[in-house]
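Subject: A structure for you, with notes

Hi,

Here is the structure I promised to pass on.

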Amino acid sequence: MREFFTVPEVAERWKLKNGIVYQYIASGRLRASKFGKAWRIELADLERFEDQLRRESGMALQEHRIGAHF
């Protein structure tokens, strides 16, 4: 069974505002699917994105957002 997260759940997990998560989705960096009006992020995609950020920057998500250009 696949596990999905909402944008607010991802934002809480990363300790970020919802808008930052939406920006990652809009930029195509974070894969998500829209179900009705709500976006859902599959656990595998979420973990892949987190791993990619760690490899790219060596920083935690909270540190990465400070340098984000959105």
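Predicted model: local features only at pLDDT ≥ 70, side-chain atom pairs only at ≥ 80, totals over all residues.

Residues are numbered from 1 along each chain as its sequence is written, and side-chain values use heavy atoms, with hydrogens and water left out.

Aromatic rings

The structure holds four aromatic pairs; rings of Phe, Tyr and Trp (its six-membered ring) pair if their centres lie within 6.5 Å, and planes under 30 degrees apart count as stacked, over 60 as edge-to-face and the rest as tilted. One of them joins Phe-4 to Phe-35, edge-to-face, at 6.0 Å centre to centre and with 75° between the planes. Phe-4 belongs to strand E1 (residues 4-6) and Phe-35 to strand E2 (residues 33-35), so this pair ties together parts that are 31 residues apart in sequence. For the labels, helices (H or I, at least four residues) and strands (E, at least two) are DSSP runs, numbered from the N terminus. Phe-4 is partly exposed, at 31% relative accessible area, and Phe-35 is also partly exposed, at 47% relative accessibility.

Trp-14 and Tyr-24 make another edge-to-face pair, 6.1 Å centre to centre with 90° between the planes. Here the pair links distant parts of the chain, with Trp-14 in helix H1 and Tyr-24 in helix H2 (residues 18-26), ten residues apart. Which residues do ring pairs link into a cluster? They are Trp-14, Tyr-24 and Phe-49.

The nonpolar core

Trp-14 comes up again in the largest nonpolar core, which has 14 residues; Val-10, Trp-14, Val-21, Leu-30 and Ile-41 touch the most other members. (A nonpolar core is a set of buried Ala, Val, Leu, Ile, Met, Phe, Trp, Tyr and Cys residues joined through side-chain atoms within 4.5 Å.) Helices H1, H2 and H3 are the elements that give two or more residues to this core, and the largest share, four residues, comes from H1. As background, nonpolar side chains tend to be buried together in soluble globular proteins.

Apart from neighbours within four places in sequence, Leu-30 is in contact (heavy atoms within 4.5 Å) with Trp-14, Val-21, Tyr-24, Ile-25, Ile-41, Asp-45, Leu-46 and Phe-49.

Salt bridges

How many salt bridges does the structure hold? There are six, where a salt bridge is a side-chain nitrogen of Lys or Arg within 4 Å of a carboxyl oxygen of Asp or Glu. In one of these, Glu-50 meets Arg-13, with the closest N and O atoms 2.9 Å apart. This pair links distant parts of the chain, as Glu-50 is in helix H3 (residues 43-57) and Arg-13 in helix H1 (residues 7-14), 37 residues apart. Glu-50 counts as buried because its relative accessibility is 10%, whereas Arg-13, at 36%, is partly exposed. The charged end of Arg-13 also sits over the ring of Phe-5, 5.8 Å from its centre; the rule is NZ of Lys or CZ of Arg within 6 Å of the ring centre and within 35 degrees of the ring normal.

Within helix H3, Arg-48 and Asp-45 are three residues apart, so about one helical turn separates them. Their salt bridge has its closest N and O atoms 2.4 Å apart. Asp-45 is buried at 9% relative accessibility, while Arg-48 is partly exposed at 48%. Both residues join Arg-31 in a network of salt bridges. Asp-51 and Arg-54, also in helix H3 and about one turn apart, form a salt bridge with closest N and O atoms at 2.7 Å.

One more tryptophan

Trp-39 is part of strand E3 (residues 38-42) and counts as partly exposed because its relative accessibility is 27%. Its C-alpha atom is 6.1 Å from that of Thr-6, a residue 33 places away along the chain. Beyond neighbours within four places in sequence, the contacts of Trp-39 include Phe-5, Val-7, Tyr-22 and Ile-25.

Best wishes

Definitions and conventions
Buried < 20%, exposed > 50% of the residue type's maximum accessible area, 1.4 Å probe, protein only.
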